[in-house]
Amino acid sequence: MDNSFPSIRSFYSRELPLTSSDADLEFASSNTAGDGFTSSEIEAALDPLSRPWEPPRLYETCPIALLETGPHNYQISGRIVNFSTDVRQQSYHSLVVTDGSGAIAVKLHYAKTSDYQLLLGQRVTIWATYIADSTRAVTGFIPFCFSATTISPGWQVATHIILHKDAPGSDGDRIMRCPLECDLTKYDYLPDLMTLKAFLASGHDMGVGKILVCVRSIGPRRTVQLKKRQGTIDLVEVSIFDETATCILKLWRDKVTSAMSWVPNQTILLISKPTCRVNGNPGNRNDTSYEVGIAHNSMVDVDPLFPDADWLRNKVESMSKKESIYIPFPSGTWDIELAIHGPGRALFTIANIEKQVRCTELTTDFTGKLNVVIVEVSLMEHWRKGTICCVECCGVPIYANKPVATCKNCESPRDLALNPRILGLMIDESGTIAAAKLVWRDDAWTQLFFGNLANETVAEGGLEADLVEQSWEDLTVLDNNYLRDIEEQLLYSRITLTFGWSSKLERLCILGVER
């Protein structure tokens with residue numbers, strides 16, 4: 001071989017054993033040099049969903065009811081009414097999406113379970129390239145679901161899905177909330193819709209029923225041990241009701257997170273083909289409880305917009321006003337100082353107030369004075385029960401004998417208010433009024449228990465000395481004897497209430513108390 005040509009060995013340097021410091025230096029230098037790919041390219045390869053997606057072709061926007069089977073490029077918009085995850089394969093979600101005209105079954109492939117946070121009632125936009133006949137696909141029978149498609153975002157560039165997060169009250173939040181089989185132009189009734197009481201009694205045997213209910217409360221998230229195989233499963237129990245009955249809706253696995261976005265006494269659910277389980281003795285109503293569930297062919301419309309849902313919303317609003325254990329005081333509605341000490345103070349009787357608030361022509365708020373005698377006080381009774389203070393959280397009442405407590409559902413600390421039921425009836429010469437129906441201001445409670453000098457100052461030795469500021473919260477630290485003395489002092493005592501009528505709450509609000 002000619003020596004003018006270098007040998008292969010000459011291109012390699014001799015390797016020597018590296019010390020720990022040399023190894024760290026070499027690792028740092030290799031990171032600095034890079035491997036030819038930018039950080040954005042590496043992230044896009046490892047997580048395809050992080051890449052911004054633009055439609056690579058022209059897609060046709062089409063209602064679900066008009067979709068044609070075969071290879072078509074469609075842009076489909078709707079709301080999720082049911083979904084599940086393949087527990088055995090852990091490779092795709094099964095969605096049912098509706099837009100008011102029809103339903104479509106969607107198989108959504110994913111790389112990680114955390115790629116998509118699915119919620120019932122969530123608005124989605126889907127770009128699909130092929131529509132199949134759902135009767136031939138392995139989806140099971142789902143009402144009004146005659147189409148199916150499969151999308152693989154990140155792997156198949158031509159298919160994609162967007163899960164919208166619409167702000168409450170926005171344009172996107174209000175669209176596509178009309179349920180199936182509902183023609184709002186000539187609406188008469190929704191087929192197969194029945195009351196919750198009728199469904200629990202015998203309607204669930206038909207298998208095609210629909211119930212329209214409101215969320216009353218949301219229980220805590222629990223982990224339940226499986227009986228047939230090893231493992232655990234998440235569970236949330238949601239209390240639902242209508243004007244006829246109340247029962248429990250059980251949500252399992254991935255549907256648990258949907259309940260966290262629901263608002264008690266506000267969220268309306270239209271559940272089509274729910275399951276029903278009877279616990280206890282069916283022949284004895286007192287020993288029977290009912291549980292409603294969601295099957296693979298059920299549909300859940302969250303906050304639907306149609307006449308029956310609007311009627312239930314108004315009914316729930318009326319019921320919540322009557323049954324609520326606590327109503328916050330409407331701050332900023334009146335000039336409290338002017339109402340208590342102003343020149344235009346008018347003395348009313350209970351009969352005068354009732355006549356004025358029942359006048360249909362009067363819609364404005366007003367203030368006045370009311371002189372009454374307290375004839376019922378149950379302070380000691382509520383102290384023994386541990387219900388002196390109360391508030392509502394997650395649709396569940398919270399009671400305690402202290403002004404702060406923790407909600408057992410969301411585990412958040414809550415400030416409690418004084419329970420107005422510690423006072424019973426109050427009377428004057430014209431009628432009676434229940435103190436539990438009144439909305440009390442905090443300072444009014446303080447003036448009732450500790451007098452009008454609670455927040456005033458007195459002169460002492462020519463200097464102004466502040467009294468210790470008292471509050472109704474001081475009741476929670478008093479012992480049994482002090483509470484009994486306060487109860488005896490209030491019973492049959494005459495007080496003057498400064499009130500304000502709130503047309504929004506339709507309640508009398510107590511601004512101040514004079515003893």
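How many bridges pair β2 with strand β3, and in which sense, parallel or antiparallel? Keep that in mind while you open up this predicted model.

**Stop 1: strand β2 and its partners**

Select residues 92–98, which make up β3, and show β2 beside them. The two strands pair over six bridges, in the antiparallel sense.

**Stop 2: T98**

Go back to β3 and select T98, which is found in that strand. Is T98 buried or exposed? Its relative accessibility is 6%, so T98 counts as buried, since the cut-off for buried is under 20%. Show what is around T98: leaving out neighbours within four places in sequence, its contacts include I64, G78, R79, V81 and L180. M299 and D301 are also in contact with T98.

**Stop 3: the nonpolar cores**

Next, select L95, V238, L249, W262 and L269. These have the most contacts inside the largest nonpolar core, which has 46 residues. Zoom in on L269: apart from residues up to four places away in sequence, it touches I211, L212, V213, V215, L249, W262, V300, D301 and V302. There is also a second, separate core of 43 residues, and I433, L448, L475 and L497 are among its members. In soluble globular proteins, nonpolar side chains tend to be buried together.

**Stop 4: helix α6**

Select residues 307–323 to bring up helix α6. This helix has 17 residues and reaches 24 Å from first C-alpha to last, close to the 24 Å expected at 1.5 Å a residue. Color A309, L312, V316 and M319, which are buried. Turn the view until you look down the axis of α6: the buried residues fall within an arc of 85 degrees, so they line one face of the helix. Over on the other side, N314 and K322 are exposed.

What covers the buried residues of α6? Show β9 (210–218), β11 (232–241) and β13 (268–272), which are included in that cover.

**Stop 5: a three-stranded sheet**

Move on to β20, β19 and β23. They form an open sheet in the order β20-β19-β23, with antiparallel pairing. At the edges are β20 (396–400) and β23, each pairing on one side only. Two bridges pair β19 (residues 389–393) with β23. Click C390 and you'll find A417 of β23 standing opposite.

**Stop 6: L423**

Last, select L423, in the loop between β23 (417–418) and β24 (425–427). Relative accessibility here is 3%, so L423 counts as buried. Among the residues L423 touches, beyond those up to four places away in sequence, are I374, V377, W440, W445 and L448. Finally, draw a distance from L423 to A434: 11 residues apart in sequence, they are 8.0 Å apart in space, C-alpha to C-alpha.

Note on methods:
Residues are numbered from 1 along each chain as its sequence is written. This is a predicted model: local features need pLDDT of at least 70, side-chain atom pairs count only at pLDDT 80 or more; totals for chains, interfaces and linings use all residues. Side-chain values use heavy atoms; hydrogens and water are left out. Helices (H or I, at least four residues) and strands (E, at least two) are DSSP runs, numbered from the N terminus. The expected span of a helix is 1.5 Å times one less than its number of residues. Buried means under 20% relative accessible area, exposed over 50%, partly exposed in between (1.4 Å probe, protein chains only). The arc is that of the directions from the helix axis to the C-beta atoms. Contact means heavy atoms within 4.5 Å. Two strands pair if DSSP finds at least two bridges between them. A nonpolar core is a set of buried Ala, Val, Leu, Ile, Met, Phe, Trp, Tyr and Cys residues joined through side-chain atoms within 4.5 Å.
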